Amino acid sequence: MIKYLKLHEDRCVGCGNCVATCSRTYFKKEDPAHARIQVFPAGSGKFHLVACDQECRKCVAECPVQAITVTAQGVVMINKNLCVGCLACVAVCPTGAMRYYPGEPVPFKCIACGECVKTCPANALEIAEKEDSPMSRLPFEAAAAAAKETLK
Amino acid sequence: MKAFNKSDFKLVAEFKFEPKPIHRGYAMRTLYVNVGDKVAKEKPVSEDTKKRFTGGKGFGLRLLWDATKPSTRWNDPENEIVIGMGPIAGNTNYPGSGKSLVVSLSPMTDVPIDSNVGGYFGPYLKFGGWDALELQGKSERETIVFIDSNEGLVQFYEEPAGLDQDTHLLAEELTHVFAKDAKDLQAVSVVSAGRGADHAPMSVLNFSLYDKRRQGVRVKQAGRGGIGHVLRDKKIRAVVCRFSGVKQNLNDAADPAAVQRLGLKLHREIVVNDDKQCKMRSTGTAHLMEVMNDYDLLPTKNHKYGQDPRGPEVASWVWEKLFSQNLPDGCWYGCTLACAHAVDHFLLETGPYKGTKVCVDGPEYETAAGVGPNLYVYDPQGILELNFYCDTYGIDTISFGTMCSFLMECWELGILNKERTDGIELTWGNWQAACQVLHDMADGKPFGVLAGKGVKFLADYFVKEYGADPKVMKDIALHGKGLEQSEYISKESLAQQGGYYMTNKGPQHDEAWLIFMDMVNNRIPTFENKAEALHYFPMFRTWFGLQGLCKLPWNDIEPADNSKWAEPNKVPEHVQNYYELYTAITGEPLDWDSLIRQSERVYNFQRVFNIRQGHGHRVEDWPPYRAMGPVFEDEYLAREERYDKQMKEKIGVDPAGKSTAEKVKITREYRLKQYDSLLDAVFKRRGWTPDGCPTPEHLKAIGMDLPEVLEVVNARMAGKA
Ligand code: SF4
Ligand code: SF4
């Protein structure tokens, strides 16, 4: 199973509460550049939301030190102690959900903690679950296929 | 793999140092280790040395010069192996920033060799606060040097009984011994050689990296010039470095955000474009196989031909299927170009490890070409088998491939037979025979030991012992200065002949690769054009080795709009990245002129070093004729149309009615004259005398007029050296 932050863009009113909550929670300041969720105006009163879907896992496959792992709930997380700050994960992220702040060593991303959900006045955010997919299994299968025979 | 405990290793001596943080890319000190006396000490780096020699290969050559004398030979105790990193080495953001540069007096060429290598060793060493490591002396017993960059410790251990000697086992065993625990395995890197390096000058140093996904050790090679033989001559079984805690910006960059920005820009370019360009992420440098075959540039039968209809049997798509995919195969953290691929679970069919499944590092292009088509081998099994055994025995795949193809041609010419090869049937395409030569090399058997000496030695030997025609031997033994040529056909590109043979270390492609520019696109038609290219490409490429950079992310990936720039073959946007990256890390400005100047100083220093060792003459910069044109009549006839056309258009002689022998002779005379003129033009452009000696004026102009350097050139110019 994969736990993730489900985004209902059609309901978003663009208030930015989620962004403020998120950056306060993890960086102790209100700063959109330090939030793990991003809100972009899309014209005509609509908004585009960006946060990790926890499913594509390209970053998991790309990390040279396996600092990015998947929790038992299926959430993609960075281990700060292992991260060497290469930003390969930022480059391969297809949605821009993996972020970094210039000059800070470790990137950051949504870990589906649900703090923002509580502060959204429009019910645009939701913690949801979905099934694993071939895509989400790929990094583990690729590594297992290459691992030493004797260890299998 | 056998399991050992640290307690199995007898500690002989130990030295403590304060780990020193890097400042703006430099530690400003180097580590000196003597395995004979079992001492380690630190040496400061002066501001002047930093300014003049920049780092990496520059520091390496400086230290090697000071440690040796004009009379020093490769196997004297004072010869060193120096591993230098450079200011950019170890950054984790910009792809290709984990290279170490190894220098030593070469057993193959008798002059300094420099070899560029990935793996984690160099950066781990650097993070202990060292810009370079000198290994000097000779040990009585087999020694393991352990450097703990976290603890500031250098330890000398005696090798325990039963430790394996071939790299794929040795490096694995040592990684487990020197890691603190299972989580620490990636923090250990091992430099070792293998049993082949005990007997053969054509040997490598293997630099390991622990691959978490494969749960095993991988190796990258400091391949050229026989440094593995020097390591083994010193009775160093391995040098191990441990560092845990790699982070972004351990280089203490002046502007870490700029380092991130530049790295991320290139990561993105790679992610978007690589699949449409070189496919390095899925096939590595093996993507060149079909390109070279198509352009008649893929060495086939000892560089006699450049193409064969069987080429597609070992093309990149074959390797893509064999390589494990979707893995971040960088040789250092943050290299998203990730060309360091491997074939996993490969079942060996020959040799001592027959029947076991192993991970084969590679093949890279040079290996696939060298032990593939050049031996007329088109069986991936054979190429992989040779690749694996070369690596684990510590043998250079390039020298081995070129040497073995020479043997096979000698077999074809009737110079060799079973009596002379200890029963090995060296016919074209017989990869099992090539493997046997390799196994005999590792086991120290006579023919293996003989073969391991390289083509320069073999050519003389075959003349003396077997009455081979000295002219033919000279023509087809593909080496310069004693080093075997790497795997591109150079005979149709005069500029590339210069790119290979007007090098300081011998014919390795890392200085200049001008074939397309010259032969295919005809962009450098005159001698002056070629000389200019043979000035700035070697200078530009030398720069990578001063910084700790890999050359591949420079032009094996290009911005999508690269062609809109003037001089697209320089990849101007990437050159701009390098200026900015250098400045972001060191805080010093850089532009094209100062970049070239940094290289020129070291390049000329290396040339003078050759002179100091009694070499560096013009005659030593000549290729064997196989690298310049068709040696034999059948070789001419295979490309008759091309050669006849050239005779008419370029030489101004009508080939009609001439015998093939006459035409071979006319072509030869013309090409030799061309090369001679090119030497004149290049030496002039480089600021050297007609004999290839940097002039005092030139050395002054570039800031390499150190008294000890001037002393050597003055003596040479006065005819005294
Ligand atoms: S930045 Fe950190 S988490 Fe991301 S790929 Fe690099 S090492 Fe892994
Ligand atoms: S391009 Fe290849 S050789 Fe160069 S640094 Fe990256 S992985 Fe290593």
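This is a predicted model: local features need pLDDT of at least 70, side-chain atom pairs count only at pLDDT 80 or more; totals for chains, interfaces and linings use all residues.
Residues are numbered from 1 along each chain as its sequence is written, and chains are lettered from A and ligands numbered from 1 in the order in which they are written.

**Exercise 1.** Find which residues surround ligand 1 and sort them by class.

*Solution.* Start with the residues that have a heavy atom within 4 Å of the ligand. Among them are A:Cys63, A:Cys83, A:Cys86, A:Cys89, A:Pro64 and A:Pro107. Next, sort: Ala, Val, Leu, Ile, Met, Phe, Trp, Tyr, Cys and Pro count as nonpolar, Asp, Glu, Lys and Arg as charged, and the others, Gly among them, as polar. The shell around ligand 1 then gives eleven nonpolar, one polar and no charged residues.

**Exercise 2.** How do helix 7 and helix 22 of chain B pack?

*Solution.* Two packed helices are described by the angle between their axes and the distance between the axes. Helices here are DSSP runs (H or I, at least four residues), numbered from the N terminus; axes are lines fitted to C-alpha atoms over the stretch in contact, with angles from 0 to 180 degrees between N-to-C directions. For helix 7 (residues 256-273) and helix 22 (residues 572-586) of chain B, the angle is about 150° and the axes are 9 Å apart. Helix 7 and helix 22 of chain B are therefore roughly antiparallel, a label for angles over 145 degrees. Finally, look at the contact (heavy atoms within 4.5 Å): helix 7 of chain B contributes residues including B:Leu262 and B:Glu269, and helix 22 of chain B residues including B:His574 and B:Leu581. By class, this contact of helix 7 with helix 22 of chain B has seven nonpolar, two polar and five charged residues.

**Exercise 3.** Where is B:Ala560 found, and is B:Ala560 buried or exposed?

*Solution.* B:Ala560 sits in the loop between helix 21 (552-555) and helix 22 of chain B. Its relative accessible area is 69%, so B:Ala560 is exposed (buried is under 20%, exposed over 50%, partly exposed in between, with a 1.4 Å probe and protein chains only).

Terms used
Side-chain values use heavy atoms; hydrogens and water are left out. Helices (H or I, at least four residues) and strands (E, at least two) are DSSP runs, numbered from the N terminus. Angles under 35 degrees count as roughly parallel, over 145 as roughly antiparallel, 65 to 115 as roughly perpendicular and the rest as oblique.
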